[in-house]
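The sequence and the model are shown first.

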Amino acid sequence: MASWNDDGLGMDDSVNVSDWQNELLGCGSDPGTCCYACMCPLFAAGEIYANADLGHCAVGFLLCLCFSPCHSCCVTSRVRKRFAISGSAIGDIAACLFCPPCQLTRELREVREVRDDRGY
């Protein structure tokens, strides 16, 4: 069984790191989530923050509102670390610059799947 780091944000080095379960341009397979991320990005960011157990949804909402261009630095890297997803800060920034709604959709689908797997 995996053990969490003391910071509570990620797993230790003995855990296998995996890729994102959802593709960056995979919006077509879940149009409802894609529309939600496009039309209500602040709420989507809040849901990501809360479902990733990073804090209250209002914090995610406010981070997206105040620091939207820095979402990848503030949230995406923490989501990757939390769920042992491979990647880099440069990749996160590139994805957020290329298509912010696509990145929000991918993160939202990822945290929802983990939440559903846990039975929340």
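Is Cys 74 buried, partly exposed or exposed? With a relative accessible area of 23%, Cys 74 is partly exposed, since buried means under 20%. The model is a predicted one.

## Disulfide

A search of the whole structure finds 1 disulfide. It joins Cys 99 and Cys 102, whose sulfur atoms lie 2.4 Å apart, within the 2.5 Å cut-off. The torsion about the S-S bond of Cys 99 and Cys 102 is about 60°, so this disulfide is right-handed. A disulfide is a covalent bond between the sulfur atoms of two cysteines.

Cys 99 is buried, at a relative accessible area of 17%. Cys 102 is buried as well, at 9%.

## Cys 40

Cys 40 has its closest cysteine sulfur in Cys 35, at 9.8 Å from its own sulfur, which is too far for a bond. Cys 40 counts as partly exposed, with 29% relative accessibility.

## Helix 5

Helix 5 covers residues 89-98. Its buried residues are Asp 92, Ala 95 and Cys 96. Viewed down the axis of helix 5, these buried residues fall within an arc of 95°, so they line one face of the helix. In an α-helix there are 3.6 residues a turn, so residues three or four places apart point the same way.

Which exposed residues sit on the face of helix 5 turned away from its buried side? That face carries Ile 90, Leu 97 and Phe 98.

Note on methods:
Residues numbered from 1 in each chain as written. Predicted model: local features only at pLDDT ≥ 70, side-chain atom pairs only at ≥ 80, totals over all residues. Heavy atoms only, no water. Buried < 20%, exposed > 50% of the residue type's maximum accessible area, 1.4 Å probe, protein only. Helix = DSSP H or I, 4+ residues; strand = E, 2+ residues; numbered from the N terminus. Arc of directions from axis to C-beta.
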